[in-house]
Amino acid sequence: MWNVTDWQKVVFSDESRLVWGTDDNRVRVWRCPGKWYNSPLTVLRHTACTAGVMVWGTIAYDSRSTLIVMRGTLTGQRYVDNILRPHVGPFLNGLPGAIFQQDNARPHTARVAQDFLRLFQTLP
């Protein structure tokens with residue numbers, strides 16, 4: 001069982017798309033538990049491209065990385081070249097005993113990204 005000291009070593013990372021405007025191109029269905037899809041409850045969406053920006057960052061117990069703006073589609077190679085190598089590596093090297101955490105997004109699970117992360121301790 002992990003304690004507070006163990007969790008203080010974890011460096012959490014994630015990316016998020018921030019949309020300029022009210023439409024993020026997601027369909028939302030509001031329903032009561034146990035009820036199935038009901039088309040009158042669906043919120044319509046518009047299908048044109050929506051202006052926004054994708055950002056990535058990390059937080060740890062007593063520190064954080066800079067917020068990185070990502071342009072274009074993030075692939076495994078771009079994740080290594082634009083985020084892991086220039087930002088995550090130096091950040092983790094500055095935190096002795098750090099454990100890197102990321103979700104299972106495709107760029108994160110790509111072989112090239114996993115190969116790079118073998119240099120660091122990661123949260124399974």
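## Overall composition

Of the 124 residues in the protein, 30% are buried, a term that denotes under 20% relative accessible area, with exposed meaning over 50% and partly exposed lying in between (1.4 Å probe, protein chains only). The model is predicted, so that local features need pLDDT of at least 70 and side-chain atom pairs count only at pLDDT 80 or more, while totals for chains, interfaces and linings use all residues. Residues are numbered from 1 along each chain as its sequence is written, and side-chain values use heavy atoms, leaving out hydrogens and water.

The accessible surface comes to about 9,100 Å² (Shrake-Rupley method, 1.4 Å probe). Carbon and sulfur atoms hold 56% of this surface.

## Fold and contacts

The protein contains four helices and four strands, taken as DSSP runs (helices: H or I, at least four residues; strands: E, at least two). Their order along the sequence is α-β-β-β-α-β-α-α.

Contacts are heavy atoms within 4.5 Å. Of those between residues at least 6 apart in sequence, 60% join residues at least 24 apart.

## Salt bridges

Two salt bridges are counted, each requiring a side-chain nitrogen of Lys or Arg within 4 Å of a carboxyl oxygen of Asp or Glu. One links aspartate 81 with arginine 85, whose closest N and O atoms are 3.1 Å apart. Both residues belong to helix H2 (residues 76–93), where they are four residues apart, about one turn of the helix. Aspartate 81 is partly exposed at 35% relative accessible area, and arginine 85 is partly exposed at 47%.

In another salt bridge, arginine 118 meets aspartate 115 at 2.2 Å, N to O. Arginine 118 is exposed, with 61% relative accessibility, whereas aspartate 115 is partly exposed at 40%.
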